[in-house]
Amino acid sequence: MCRSSPSPLDMLETTFRLLATGPNPLALSGPAVGLRAGPIGLRDLRAMVFHPAASASMQRAVLVELVGRARRHRGAWVVGLVGVVLPGLARPAGPTAGHAGGITDLDATMLARVLEQLDASEVRSEEVAERLLWTVVRSPAVPAVPVHPRGGLVVVSGSVL
């Protein structure tokens with residue numbers, strides 16, 4: 001029986017889950033991001049960031065803190081940042097989705113773009129966080145399909161960041 005290998009996003013979710021649970025889970029100080037006192041685990045923060053009632057200022061504060069830690073400490077904090085925004089890294093449907101490696105390639109490309117932003121030293125952490133906020137967290141789950149003024153559909157290629 002042929003078993004497909006997990007996608008990069010599936011592997012990232014597993015790694016995030018392991019880092020965000022257990023005896024010493026990755027966590028942020030609540031007051032550092034404008035939330036309740038004490039540490040808040042990244043799994044709980046992810047639920048808060050994507051909650052429909054979440055304010056943009058809270059989301060921004062969480063992402064700025066995570067981007068800063070990912071840039072300073074790398075490793076686990078990069079996984080933590082991407083794990084928090086992972087629900088917003090929706091897989092676009094398209095012609096490559098049905099081909100072998102299509103989804104895996106799209107997943108890898110999305111992750112590479114996030115990492116490129118983290119490595120762009122000329123871009124402030126606040127700007128990276130703002131891009132993540134509006135691209136991954138605040139953008140609608142299913143973007144509207146643009147219609148050409150003469151009635152035909154407009155083909156748009158989307159990208160993360």
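In H4 of this predicted model, the buried residues are Trp77, Val78, Val79, Gly80, Leu81, Val82, Gly83, Val84 and Val85. That is nine of the eleven residues of H4, so the helix is largely enclosed by the rest of the structure.

Leaving aside residues up to four places away in sequence, Leu81 touches Leu63, Leu66, Val67, Ala70, Leu118 and Leu132.

Leu81 also belongs to the largest nonpolar core, which has 39 residues. Leu81 is among the residues with the most contacts inside this core, along with Leu42, Leu63, Leu66, Leu89 and Leu132. Six helices each supply at least two residues of the core. H4 gives the most, with seven residues.

| Helix | Residue range |
|---|---|
| H1 | residues 8-19 |
| H2 | residues 42-49 |
| H3 | residues 56-73 |
| H4 | residues 75-85 |
| H5 | residues 102-119 |
| H6 | residues 125-137 |

How do H1 and H2 pack, and at what angle? The angle is about 120°, and their axes lie 9 Å apart. From H1, the contact is made by Glu13, Phe16 and Arg17. H2 contributes Leu42, Arg43 and Arg46. By class, this contact of H1 with H2 has four charged residues, two nonpolar and no polar ones.

Technical notes: Residues numbered from 1 in each chain as written. Predicted model: local features only at pLDDT ≥ 70, side-chain atom pairs only at ≥ 80, totals over all residues. Heavy atoms only, no water. Core = buried A, V, L, I, M, F, W, Y, C linked by side-chain atoms within 4.5 Å. Buried < 20%, exposed > 50% of the residue type's maximum accessible area, 1.4 Å probe, protein only. Helix = DSSP H or I, 4+ residues; strand = E, 2+ residues; numbered from the N terminus. Contact = heavy atoms within 4.5 Å. Axes fitted to C-alpha atoms, helices over the stretch in contact; angles between N-to-C directions. Nonpolar A, V, L, I, M, F, W, Y, C, P; charged D, E, K, R; others polar.
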